[in-house]
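Biologist: Please take a close look at one part of this chain for me. I would like the local picture, residue by residue.

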Amino acid sequence: MKKHLLLLTLFTAGIVLQGCKSGKQATLGIGSSSKPKNIVLLIGDGMGLAQVYAAMVANGMWLNLERMPVIGLHKSYSSDNLITDSAAGATAFSIGKKTYNGAIGVDSTGKPNETILEEAHRKGMATGLVVTCAVTHATPASFVAHQKSRAMNEAIALDFLQAKSDVVIGGGKQYFEKREDMRNLIVELKGLGYTYVSNKDSLNYNPNSEKFIALLANDELPKMSEGRSDYLPVATQAALERLSKIKKGFFLMVEGSQIDWGGHNNEADYIIRETIDFDATIKTVLDFAEKDGETLVIVTADHETGGLAINGGSKEKKLVEAAFTTKKHTGILIPVYSFGPGSTVFSGIYENTAIYHKMKWLLNW
């Protein structure tokens with residue numbers, strides 16, 4: 001009984017056992033209770049515990065996620081469905097309200113709500129988005145746009161003209177320049193002071209530019225298996241370098257978008273490759289946060305995709321035998337990992353909307 005009470009006490013205090021890649025005995029990591037200057041929210045779309053553990057096995061039984069000392073769980077359901085979609089899930093994070101599946105930055109009545117990214121801008125912080133999908137897709141759109149349907153890619157792209165994001169990196173170029181209304185939003189964004197680039201090698205171009213947008217594909221970026229390489233960690237590092245120059249702090253949302261697509265396809269290898277790439281991006285952010293000392297890092301998912309189960313495999317051979325229950329989303333609890341100032345408030349079980357409110361409270365809004 002005493003052992004169980006000790007474990008419960010450690011968990012509720014925001015303390016968990018951290019793994020160590022070298023195989024040395026795990027040490028106790030303590031989550032900080034102070035408040036941050038910067039927040040990086042990383043969303044592994046469709047990434048449940050099974051996706052994390054499958055990637056861990058394939059990566060030699062270790063991920064950078066193990067560097068994060070505080071773990072909680074959120075309830076992902078939307079206002080109209082036990083099973084959320086990415087739009088409602090991301091909007092819960094961005095406005096702190098449950099909404100219907102398909103909603104982008106609007107509440108359950110369809111009313112636009114200021115997002116945490118927009119509020120951060122209004123309060124003088126720098127803001128950014130980095131994704132492996134089109135920037136008009138559900139998750140990134142939910143932080144900068146206000147539309148009644150996630151399918152409205154061209155309308156969402158228009159919202160970027162009013163958006164308060166200083167750095168935008170991802171795909172979706174076609175929704176900005178090959179539009180039914182014949183407008184070229186890239187030209188218009190340049191007129192608003194944005195530096196625009198269209199290839200990964202230019203992510204550090206004009207480093208002193210306060211507004212920067214990189215649209216590197218007509219729609220989504222390639223899969224890891226199709227040669228995307230180190231795009232996501234490199235793009236995230238570029239965003240961190242730009243945003244950290246702003247003295248009032250920054251808010252950055254990074255999405256590992258295609259973990260979800262591997263789940264929809266019921267392709268374990270797709271999921272594993274994308275999750276390991278997302279974990280490499282987590283390393284980039286954690287390395288920055290450890291050095292900076294003022295950055296809160298939060299890693300979570302909007303939902304789980306595929307109903308992934310691990311039915312066998314070999315940790316020595318780094319192999320996973322996977323099975324799936326669906327090609328859609330599921331309704332399980334979703335883990336929330338946190339590191340840095342304020343991280344202890346993310347332990348426990350809570351609604352997905354609480355992530356928004358916890359971030360606001362930590363920023364003293």
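Modeller: Lys318 is partly exposed, because its relative accessible area is 46%, and the cut-offs put anything between 20% and 50% in that class. The model here is a predicted one. Lys318 sits in a loop. On one side of that loop is β12, residues 309-314, and on the other is β13, residues 319-323. The backbone of Lys318 deserves a look too. Its phi is positive, near 60°, and Lys318 is not a glycine. Most residues other than glycine have a negative phi.

Asn266 is another such case. Phi of Asn266 is near 55°, again positive in a residue other than glycine. Asn266 also belongs to a loop, the one between α10 (259-264) and α11. Is Asn266 buried, partly exposed or exposed? Its relative accessibility is 24%, so Asn266 counts as partly exposed.

From that loop, move on to the helix. Helix α11 covers residues 268-292, which makes 25 residues. From its first C-alpha to its last, α11 reaches 36 Å. That is close to the 36 Å expected at 1.5 Å a residue.

Asp292 lies in α11. Asp292 counts as partly exposed because its relative accessibility is 29%. The side chain of Asp292 reaches the backbone nitrogen of Glu294 at 2.8 Å. Gly293 follows α11. Phi of Gly293 is positive as well, near 80°. For a sense of scale, take Asp292 and Ser108. In sequence, 184 residues separate them. In space, the distance is 38 Å, C-alpha to C-alpha.

Thr132 gives a contrasting setting. Thr132 lies in strand β5, residues 126-134. Its relative accessibility is 0%, so Thr132 counts as buried; the cut-off for that class is under 20%. What does the side chain of Thr132 reach? The side chain of Thr132 comes to 3.1 Å from the backbone nitrogen of Ser257. Ser257 is also one of the residues that Thr132 touches, leaving aside residues up to four places away in sequence. Glu255, Gly256 and Gln258 are among them too. So are Glu220 and Leu221, and the list also includes Arg228, Tyr231 and Leu232.

Definitions and conventions. Residues numbered from 1 in each chain as written. Predicted model: local features only at pLDDT ≥ 70, side-chain atom pairs only at ≥ 80, totals over all residues. Heavy atoms only, no water. Helix = DSSP H or I, 4+ residues; strand = E, 2+ residues; numbered from the N terminus. Buried < 20%, exposed > 50% of the residue type's maximum accessible area, 1.4 Å probe, protein only. Polar contact = N/O pair within 3.5 Å; in protein donor to acceptor, adjacent residues only side chain to side chain. Contact = heavy atoms within 4.5 Å. Expected span 1.5 Å × (residues − 1).
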